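Trainee: Please pick one part of this structure and take a close look at it with me. I'd like to go slowly, one side chain at a time.

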Amino acid sequence: MTDKMPETEEKPENTTDENVEIKTEITEEKAENTTEETVQNKAEVITVKETLPNILHVLPLSNRPFFPHQVIPLIVDVDPWAETVKAIADSENKMLGLVLVQTDNLNEVETKDFCKMGTVCRLHRVVQAEDQLQIVVEGLHRFNIEDWVSQERPFTIKPNYYPETSIENVEELKPYVLAVINTIKELLPLNPLYNEDLKIFIQRFTPEEPSSLADFAASLTTANKKELQEVLENLDILSRLEKVLLLLNKELQHAKAQEEIRQQVEEKMDQHQRDFFLREQLKIIQKELGIEKDDRTSEIDKFRDRLKELTVPEAAQKCIDEEFDKMSMLEIGSAEYAVTRNYLDWLTLLPWGKYSEDKLDIKEARKVLDSDHEGLEDVKDRIMEFLAVGQLKGSIGGTILLLIGPPGVGKTSIGRSIAKAVGRSFFRFSVGGIHDEAEIKGHRRTYIGAMPGKFLQAMKEVKYSNPVIMLDEIDKLGSSYRGDPASAMLEVLDPEQNCDFLDHYLDVRFDLSKVLFICTANQPDTIPAPLLDRMEMIKLSGYLASEKFKIAKRHLIKKQLDKSGLKAKQLQLPDNTLRKIIEDYAREAGVRGLEKRIGTITRKAALKLLEDVKLPIKVTPKNLSKFLGKPLFENEKTIKGIGVVTGLAWTAMGGVTLNIEASYTHNYARGFKLTGQLGDVMKESAEIAYSYIVSQRKNYEVNNFFEKALIHIHVPAGATPKDGPSAGITMASALLSLAKGQKVEKNLAMTGELTLTGQVLPVGGIREKVIAARRIKISELILPQANKRDFDELPKYVRKGLNVQFVKEYSEVVKILW
């Protein structure tokens, strides 16, 4: 059942007519049932004392209680309340009780859900519309449920009535009555819907009737059903007026807030309308004076203003002029207009002929590089040579530098330092994983959402035609059915072609020859050969432990302290602790892992700081595991024994040492076995070493060893993939040691490719391998003679203290070993 009561939000349009009709019917029925009439205060107001039944049918209300003296329509579901409404209509006095229930599902209501007090009402009209009944009721008096006669539908009760009595202390109530009336007066201007309710009340009652006034005022509010039920159950008129006054004041505050919001919205709307009318009037005035500019003209003027500061090539200017002519003839709302407008926007935003001035101070550039980077002297020297050529020429031409090195060695930061040193704008984007050629050369304008490629987007952003553009991860370029980005990159990175770079979207030539391109990669193997040929390669090898130590002291610790909000005096990292972090937790070639470990320490120190730990927090080698856990790396050790030789290898994370093991398995059959997850090249290298040693068995005095022996070569660690030819002489030495039954006593390591004729060929990664040997305190090395030039180019502090033997043939290796 839905109870339709007076609400501040909604009112039926014909409220007044319905109330008048209901009023007429009420008056007629009252006249028929009148048993007692009195005349008071000479006003000839008729009061009726109703004959109230002892047994009363009740209907539940879910939204809000029904107050005495209200006359409103209610809507009742035919199923299951038709029987109850019929019983009420067939009764002699046509009276019923309306009681609020706690549940919202009226079809499953039980006696325990009913409130104790409700309102006895007279039924005036019943109209059925489809599956609902509309009934009109008039509230008479309060009643209390004394007992249940029927606990099932139709519900019937024994009521205890509370008819209105004369009030003696009228003067005491007068201030409350006036306060209620004044509050209602304040509400009336804020919500005109209250006017109709007030008219009905004045027709039937006077303000001098406090009880009726209190019930009427409560029915005006939008308070929740619990608060309204409290008003209904309050029989003391003074207390009831106090509660009603609180509800009215709350309603007044809500109404004022709504009015303020409405006024704010109207003010904004009025301002928008005013602006609109003023703009329209301005257009008319400009039109009358002949100075009007429409949106198209304004756009064209804006584009022309941009071109005044640029030096546009003749071909591009011709294209721009043609687009201006096209745009002036197109309708503003057409799709072609939007395409042309966006195209002109891009054409005029590019920095045609606009170049930043280069800083060619060699001393200042060196200072910038030294302040940003520790070590890497060979790299810095190469960059300084490049800048020196630029200073002699008067400008730095478009050059393509390729920085190759393991992760974390500072390739990207060096690119930023170069841009800072020469005073150019810097733009970086990663090309790793790009599969679409359009990312490089743009989309054709016929496509929806077309836009230029990354290079022209970079020009637009930096606003100069000679920035430093860094292409990160160029060794990870992909290709797919949408094109080959590596091939598209050829035009960009070729100094002979990029002066006339043609973007698919722009469709006019743009000069990229003044751009300084810096590419980064972890290894050159996956870079296409034609692309690699156009670059000038600079290798960044890993850092030594001493270099990492200096970088951490000068840069990383301060950076991580700032990130964690700590002060230097709150956390102490002694030198011996820092060296242990480098050796046991951050042994990779770069310093990114070292920075992460220091960051972990500072975060845990910040937590301890908030736990009121005694300051300063000191991290020592003994308690370091509490901050970083168990060490990630074990100390590399050279293994001594027959058939065991230490080799040197290169990885993407830097250089490492490999203890290659050769073992005699059995003499049931001759054979050769390899383990250690070796790649094809390394397997071939092992087979060459085996074949060479067997073929030279007489020269090395191992005549009969290999005739029936099964030899097993293993390269730890077994879970790590390995490949490359550089372990050739190491494997041959392990086989020879096994065959001779002699172990290598010297503390040495070796690397080099071996041929079937015993020649030792050069290998790569010399710097990384030398650093790996120094890390485990190996001072004697065997390297190919052809790699002497690579060793001589290493910094002095890397070569210091090393005894390096350079060999051309494997026979020289044997002489060094024994």
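**From the core to the charged pairs**

Mentor: Let's begin with what you won't find: the structure holds 0 disulfides, a disulfide being a pair of cysteine sulfur atoms within 2.5 Å. Buried means under 20% relative accessible area, exposed means over 50%, and partly exposed is in between (1.4 Å probe, protein chains only).

Bear in mind that this is a predicted model: local features need pLDDT of at least 70, side-chain atom pairs count only at pLDDT 80 or more, and totals for chains, interfaces and linings use all residues. Residues are numbered from 1 along each chain as its sequence is written, and side-chain values use heavy atoms, leaving out hydrogens and water.

Now for our close look: the largest nonpolar core, with 54 residues. A nonpolar core is a set of buried Ala, Val, Leu, Ile, Met, Phe, Trp, Tyr and Cys residues joined through side-chain atoms within 4.5 Å. Among the residues with the most contacts inside this core are W352, F455 and M489. Zoom in on W352. Skipping neighbours within four places in sequence, W352 is in contact (heavy atoms within 4.5 Å) with L310, T311, V312, P313, A316, L347, S465, L506, V508, R509 and F510. Apart from that core lies another one, of 51 residues, including I418 and L566. In soluble globular proteins, nonpolar side chains tend to be buried together.

What about charged side chains? The whole structure has 34 salt bridges, each a side-chain nitrogen of Lys or Arg within 4 Å of a carboxyl oxygen of Asp or Glu. Helices are DSSP runs (H or I, at least four residues), numbered from the N terminus. D90 counts as exposed because its relative accessibility is 55%, and K86 is exposed too, at 53%.

K250 and E227 also form a salt bridge, 3.1 Å from N to O. This pair links distant parts of the chain, with K250 in helix 7 (residues 237-289) and E227 in helix 6 (residues 225-233), 23 residues apart. K250 is partly exposed at 37%, as is E227 at 22%.

To finish, look for a whole network: salt bridges link E299, K302, R306, R341 and D345.

Methods
Helix = DSSP H or I, 4+ residues; strand = E, 2+ residues; numbered from the N terminus.
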